[in-house]
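Colleague: Before I use this model, I would like to go through the terms attached to it. Please set each value against its definition.

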Amino acid sequence: MGNASEVNIQDVRKEFAKVLTKDETVDKAYKLIRDLFIFTNKRLLLVDKQGLTGRKVELHSIPYKSITHFSIETAGNFDLDAELKIWISGSAAPIQKQFNKSLNIYELQSVLAEYVL
């Protein structure tokens, strides 16, 4: 509970086809309970499903050029969660996401590094 896990990219492409540009591709997608965050070749897309039914959706688009830095924290023996923090220019507080131990946090870091660095 409260940890993100990887989801099927094909399903994400279908669900968010209206939001993606014609030459935008989905590289990775992760689900955190009902919310998603989607890494495309152009941006990071945060999807916040709101309300009891989840019909109301807030989409937050972050171009990779706006990401100033990021960090990962791997899961340990007693800490079962891995953590990702992303700092956006103009915002002091990072975006934080936690992942279950089964997720390869290094793979996620690699996707970010490819687009941000």
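Modeller: Of the contacts in the chain with a separation of 6 or more, 34% are between residues 24 or more positions apart; contact means heavy atoms within 4.5 Å. This is a predicted model, where local features need pLDDT of at least 70 and side-chain atom pairs count only at pLDDT 80 or more, while totals for chains, interfaces and linings use all residues. Residues are numbered from 1 along each chain as its sequence is written, and side-chain values use heavy atoms, with hydrogens and water left out.

Colleague: What is the order of the elements from the N terminus on?

Modeller: The order is β-α-β-β-β-β-β-β-β-α, with helices (H or I, at least four residues) and strands (E, at least two) taken as DSSP runs.

Colleague: Why is the chain called as compact as a globular protein of that length?

Modeller: The globule rule is 2.2 Å times the number of residues to the power 0.38, and the radius of gyration is taken over C-alpha atoms. For 117 residues the rule gives 13 Å; the chain has 14 Å, which is close, so the description applies.

Colleague: What makes the pair of Y64 and Y115 stacked?

Modeller: Rings of Phe, Tyr and Trp (its six-membered ring) pair if their centres lie within 6.5 Å; planes under 30 degrees apart count as stacked, over 60 as edge-to-face and the rest as tilted. Here the centres are 4.8 Å apart and the planes are at 10°, so the pair is stacked. Y64 sits in the loop between β5 (56-63) and β6 (67-73), and Y115 in helix α2 (residues 105-116), 51 residues apart.

Colleague: Why is Y64 called buried, and why does Y115 count as partly exposed?

Modeller: Buried means under 20% relative accessible area, exposed over 50%, and partly exposed in between (1.4 Å probe, protein chains only). Y64 has 5%, so Y64 is buried; Y115 has 23%, so Y115 is partly exposed.
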